[in-house]
Amino acid sequence: MRRRRSLRAVLTATVTAVATAGLTALGGGAAHAATPLPAHVFAPYFESWTGGSPAALSAQSGVDHLTMAFVQTAAKGSCTALWNGSTDTPISPASFGDDIKTIQAKGGDVIPSFGGYTADTTGTEIADSCTDVGQIAAAYEKVITTYDVPRLDMDIEADSLDDSAAVDRRNKAIKLVQDWAAANGRTVEISYTLPTTTHGLTDSGVALLQNAVSNGARVDVANIMTFDYYDNATHDMAQDTRTAAQGLYDQLKPLYPGKSTAQLWGMIGIVEMPGVDDFGPAETFTLANAHQVYDWAVSQGIDTLSFWALQRDNGSCPGAPSGDSCSSIPQNTWDFSHVFAPFTGGGTAPANDFSVTASPAAASVTAGGRATATVRTAVTAGAAQQVNLTVGGAPAGVTAALSPTSVTAGGSSTLTVSTTSAVANGTYHLDVTGSGPSGTHIASYALTVTGGSGNQCTASPWNSGAVYTGGQQVSYKGHTWKAKWWTTGEEPGTTGEWGVWQDLGAC
């Protein structure tokens, strides 16, 4: 990526012999079976050039599987694969090895991805760069055995998509690797990530798949990048994902006539871009879109959900142009990851739920003044639902109102808190409660009043069901009261001077 992909392949007996020799020279006989990926997996891209730790971000985001971007050569003409084409990060345990082992030990895995937009436009995608099929296959095998991974991704887009000779070499190399793996009792999956229109692959993408079929290179997953359409059209990004995938299904069907409907959908992967994509705000993938795509992906039984990229899953730059470090929309960190994460293993659609927050969550006013806050709701699981909003906890001299009092999850309301000059000084805690079919959630709001006519009672409010012993104090009707002996259920001020409660005066 930064954003697109494709495929093609052809194999001849002469090249097969040469390529097999290349694999043997590398020592490819020592293979063992990596743990297969789940039948349905969420594996967002990790930008490996950032210097961050994939294991750390996996743990922070709750994402078990990552697509590691990217593997390429340092310069055109080279046959040596490197992480991001840098000699500082060769394919060796010293480069991400400990991180990958940590992820695998926790039940996850990584999918190394070859290519990407930069490599595909500079001739450094390995099959573009290297003309020796055997060495290309050996590079693939080295990544597999070094990191003990069960799948490789081929991110083929832009110039690489139209380089028929390189496409041919790539798929020949894939076939060799698959034969090597089978001979050693190891299954290696191959995914191709390709650009798409809103109605399926471009002609060059279809040609790549046709070439793979003709050369016996098995394509386990065809990922389509459902963003960066650049067609100057109005987009519903969730609906566009569905129509693009349906188009891909229709294109796969004649290529794989022996596969059932479920098997064909099981070959499909989706790559989204959270927030604003490279085209701009007209192509914005929202959290609501993410919930819609998740539900659809579960129902269709597709193989892979992904997005570009994990480092963008935060709302640190709302309104900014598309970039690799944030989504350019308001969101919490890891919102998109949390929506898609249950997909791994074939999860079911999550139950509907929502959240309620107040911003700001506190204010200070002089008695007689007022303050406002925005009460935001958000869909945290499933689909949006109607949320009724109420506010409680306002003391005498304080009124609190919400407008509107009912929103669809994802909407917001304005909280207005007004005070009179007679309100007592102190800090008051108001609760904004959101109630919906799935339950209730509460956002706290703290109001501090200064310059009032009195002081706030500090003792706990009297509770008719509580048990009190001699010396304990309560507040009731603006006064502080002290219990003379054990009591329960006796209301302060109702039994006179001979009652259990001693009036300590107004507070």
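A residue is called buried when its relative accessible area is under 20%, and because Arg186 has a relative accessible area of 3%, Arg186 falls in that class. The legends below describe close-up views of a predicted model.

**View 1. Asp148 and Arg186 meet through their side chains in a salt bridge.** The distance from N to O in this pair is 2.8 Å.

**View 2. Arg151 and Glu189 form a salt bridge between their side chains, at 2.8 Å from N to O.** Arg151 belongs to strand S6 and Glu189 to strand S7, so this pair ties together parts that are 38 residues apart in sequence. Arg151 is buried, because its relative accessible area is 2%.

**View 3. Arg170 and Asp128 meet in a salt bridge of 3.4 Å, taken from N to O.** The pair links distant parts of the chain, with Arg170 in helix H8 (residues 164-183) and Asp128 in helix H5 (residues 126-129), 42 residues apart. Both Arg170 and Asp128 are buried, and together with Glu125 they are linked in a network of salt bridges. The structure as a whole holds eight salt bridges.

**View 4. Strand S22 (residues 439-450) pairs with strand S15 (residues 362-366) in the parallel sense and with strand S21 (residues 424-436) in the antiparallel sense.** The pairing of S15 with S22 runs over five bridges, and that of S21 with S22 runs over 11 bridges. Thr448 of S22 is the bridge partner of Ser364, and Thr448 is also the bridge partner of Thr427. S21 and S22 form a hairpin, with two residues between them.

**View 5. Thr408 lies in strand S19 (residues 406-408).** With a relative accessible area of 42%, Thr408 is partly exposed. When residues up to four places away in sequence are not counted, Thr408 touches Thr377, Ala384, Gln385 and Gln386. Thr408 and Phe354 are 54 residues apart in sequence, and their C-alpha atoms are 9.8 Å apart in space.

Key. Residues numbered from 1 in each chain as written. Predicted model: local features only at pLDDT ≥ 70, side-chain atom pairs only at ≥ 80, totals over all residues. Heavy atoms only, no water. Pairing = 2+ DSSP bridges. Helix = DSSP H or I, 4+ residues; strand = E, 2+ residues; numbered from the N terminus. Buried < 20%, exposed > 50% of the residue type's maximum accessible area, 1.4 Å probe, protein only. Contact = heavy atoms within 4.5 Å. Salt bridge = Lys/Arg side-chain N within 4 Å of Asp/Glu carboxyl O.
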